[in-house]
Structure formats: C-alpha cells, structure tokens
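Hi,

Here's the structure I promised to pass on.

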Amino acid sequence: KLQDEINTVKPQMQEEHLELLHQHFPFKGFIPKTELRAITVSQLQSVIRFCEANVVDGKWYDTNPRSAGQPLSMDVLNLYHVNAWIIEPATILQKCAFVELCSDTDQVPDWFVSHWWGDIVRDFVKCIAKHCEIRRLSAKTCFWICAYANRQHRLHEDICNNPTQSSFFRALEIAKGFLLLLDDRATPFTRAWCAFEISMALLNNKMVDLVDIVVCQNGEVSMLTEGVPEDDKYFKTLFREGAFGQVGDAIPSNMARVALQNKFDREGQFPVEILETILHTKIEKSQASEDVDRQRILNVIADRDIELPPLDTHPNYAKVHRLLVRTVILTAWPQLLAKGLVDEWGLVEKLREDTELQKVVLCFNYIKECDDAAVASLARGLPPSVTNLDIQLVGCPVGDSAAETLAANMPPQLESLAIHFNDTSITDVGAVAIAKSMPSSIADYDVRFHNCKVSDVGAIAISQKLSAGMKSIVLNFAGCDSVSDSTALAVAEGLSSAVESLVIYFGGTKVTDVGLAA
C-alpha cells in the first residue's frame, strides 16, 4: 500500500530506496506545533552524509519536468532534489515533517533561516556550520528551515491565505535571530516569500534580536553579522608580540577595538557584487510562483487588506530598502572605501537619507584610503538622528582636517561618542575642534590620541568637556610627550560623582605623581 502511494506521488521511487530512507531516518514522534520543528546542524549534516553516500552512479536524477532525467551530483544537488529524494518519500507513511524523523520533542528555533530552495545543499549546510562557528553557538542550537519543519504532504496545515498566520510567521515570532542565506546571485531578494520573511524580521520594531547575512561563493563562506560575534572576540593574530594574549586567547574587555577590527577584517571578504545587489534590492519587485501569494505578501508588508490589489510603492517597502542599505553601509563602508566604491555607490547620500539611524560604528584602522577627504565625506553623511557614534581611525593617513570636519558635522543629540585617532597626525588643532563640538548630552565618552602630536593645549580642551552627566570615560594620551600634570589636574577637576567607569592612559607622557595624586 505504501509503495502504491509512493508511486502515485513519485513514480521514480523504488522500494529499496524507501527502506534505506527508513533505516537512516526512522520516525521518532509527532511534534504538534510546526514552529517548534527547528533542526540542528548535526541533523542537517546527517542529510548531507546520506546524500553523499547515495547520489552516485546516476542513481538519483532530476525530477523537474524541465530537466527530468538529468543525473544528480553533490555539485548540483539542491533542496528541490532533497525534497524529492529524501524529505517527501521518507515522510509519506506518517505524513510528518522531516524534523519528526530526527526528534520526538520540541526543537525551539533559535534562528530563523530565510533562503530559496535552489541553494546547493552542501553549501547551505556549510553556511549554517560557519554561522555556528562565528557566533560560537552550541551544538543544541536550532534553525527553523521550512522544508524540514513543514509537513510536505499536508502543507495546507502550515501555509494559509494570510502569511501572518503561516508557520513561517509563527517561527519568526519565537526565533531570537534571523539568518539570511544567499546564493552567489542573491536569489532570495527576488522571491516574495523571502521578501516577506526579510520584511517581518526588519519591520515591526524588529521581531528578532539579531540579523546576519551569509553567502557561499566558490566554496568560501562569508558573513555579515549584527554586532561583534563571539568568535571575533578572540585574538586572530599576535597583537603587540603577545603582550595581551596569544592567538586564540580571549581579547581583554578593555581592548574591544581589537574585536571590532576582527569583525571588519572578516566582513571585508564579503563579495562586493552581493553587497551591490543588496543595495539595489526592491522587495516590491519580488516574484512568487502564484501571483496571489505575491499580492497577499506585499499587502501584509504594507499593512493592508490581503485581498486588495498590491501597491507599486509604499512607505514600508521603502523602509525595508533603507534598512537593507543600512546593513551595507554599517558593515561594508571600509571595504568599499578601499575599493574606491563609496562615491560610485552614493553611500554618503544614502547614509544622510537614513533619518532614523541612531548607531554608527565603523572601523577604518590602517586603511590607507581613509584620508582626510574620506573622513570628510563620511562626516557630511552623518544624519542628525545619530545618538551613538564610534569611528576608529587608528593608523590612518588623517590629520586635523579630518577632526575639524567630524567636529563640524557632530550629531547634536549624541549620547555615546568614541573616536580613536591613535597613531595619526592629529595635533592640538584637531583635539580642540573635537572638544568644542562636544554635545552636553554625551554619557559615554571615549577619545584616544595615542602617539599623536597633542600637548596640554588639546588634552586640557578635551578634559574640560567632561560633564556632570557622563557615566563612562576613556581618555588616551599615551605617547603624547607634551602632555603633563596640567592635563591630569584638568581631568580631576572635570570628574563628577556620576562617573561609573574611568580609564585614562598617561604612559609616555610627562604626567608625574602630582597629576596622578590629583
């Protein structure tokens, strides 16, 4: 009876293949809620191992009517093929989801994966594994992937007219993170269901805590991460001859800039052509196999009746586009600067147009293309909405002009400011300019002039801007050999009882016990 039913659905399936499937993926038990059928990396890897062992000698072939009969290999095997040769036949007896062949208990999604079924499955799993490595996730971390979570023989249970009542949306509501997995053509941006998932993750006050983007190109995995992931918080190279730890050791908390440098170094490998695709993505242009799906998805994004004709333009479409552009700006600006693409891609104008942007963190350390003109362009692009500004310019060929332009374009409502001018040509002129522009609203204050030509004149100007509302202060004048006790006295006079954290570097200056005592 089972064989007859299989032959009705997939005539190419043979009893020997079914038995092999049931041996490797025996039914474990039903998990009632689709949104709780996430899958672990090890469970995904078991699928890959089965594929590698069986997609040989022409035993598996394409079932797509347009290419039916073509022999399959791991180089071309995608999720459509896996669904045809593994998921559907392995689950037909119980009409269950594939995850129910892996577990009989809830597997709560930590991450929601948005992708398209044409991804090469070997690359897909490689991306998931790399994501786990960079985030340093545990082996128990679960990823919600529709093909494995939905019951393919009873899809009406999981996919309905209203996308917000689908299993996709319910899983998104639970997941802590959103992982957008791209192929080398960034195909998900052209698919309506992916556009729905991306939009829901970014809109609605952001349903998830973290959004990462990963791609596998020519066998190499690259990833853009929101924030600094755990693996970047370990030394990748020997820093200052190992004075602070060896390669592989955790980076001390007071050296967070090294972790940020690791992040930008890693993300600098992300394919430029994919970044350009993201920059020009228009979700309203996405397509679906069924026009009615596209209609309903766009109406959900626009917060309209799902049965209305879809709109060509809507503020929510524009907002999703702006948030995707923001991702490129905040992760790839240094890389694009080094490649001479900042002006060509109009990043300054796009940054300025993001009037809801609040946090800008960019690391240009040791990038030779980051000169006074490059910093001036960035400064002119900063929107007034920014409240958290962190710009690292360590070892860049910048001088007082860069500091003056940053000062002239300082967002007026800053609450947190970090500017690192270490090992640059900044003098008192630049330091005074930064000091004069400092908004009184700043609570976290981190300015560094290590090995700069700053004397008491500039250092005192910076110190005199310490305000009563500041809670965290970092001042670095190390190596500024014209800084003396006068600066230390100015710092002491400016401190208030509200300060919770204070770090000051005076190594290599003329500060004596008198200044330290103050």
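Below is what turned up on cavities and cysteines.

Keep in mind that this is a predicted model.

Cavities first. The count comes to 2 cavities of 30 Å³ or more. The largest cavity has a volume of about 50 Å³, and its lining is made up of Phe178, Leu180, Ile198, Leu202, Val211, Ile213, Leu324 and Thr327. Strand 4 (177-182), helix 8 (192-202), strand 5 (210-217) and helix 12 (315-338) each give two or more residues to that lining. By residue type, the lining of the largest cavity splits into 7 nonpolar and 1 polar, with no charged residues.

The second largest cavity holds about 40 Å³ of space. If you want to find it on screen, go to Leu79, Asp119, Val121, Phe124 and Tyr148, which line it. Here the lining divides into 4 nonpolar and 1 charged, with no polar residues.

Now the cysteines: the disulfide count is 0. So what keeps Cys102 from bonding to Cys96, the closest cysteine by sulfur position? The two sulfurs are 9.6 Å apart, which is too far for a bond. Cys102 also counts as buried, at 16% relative accessibility.

Cys480 is in no disulfide either; its nearest cysteine sulfur belongs to Cys452 and sits 5.7 Å away, whereas the cut-off for a disulfide is 2.5 Å. Cys480 is buried too, with a relative accessible area of 0%.

Cheers

Key
Residues numbered from 1 in each chain as written. Predicted model: local features only at pLDDT ≥ 70, side-chain atom pairs only at ≥ 80, totals over all residues. Heavy atoms only, no water. 1 Å grid on protein atoms, 1.4 Å probe; cavity = no way out; pocket = protein on both sides within 12 Å on 5 of 7 lines; lining within 4 Å. Points joined across faces, edges and corners; volume = space filled by probe spheres on them. Helix = DSSP H or I, 4+ residues; strand = E, 2+ residues; numbered from the N terminus. Nonpolar A, V, L, I, M, F, W, Y, C, P; charged D, E, K, R; others polar. Buried < 20%, exposed > 50% of the residue type's maximum accessible area, 1.4 Å probe, protein only.
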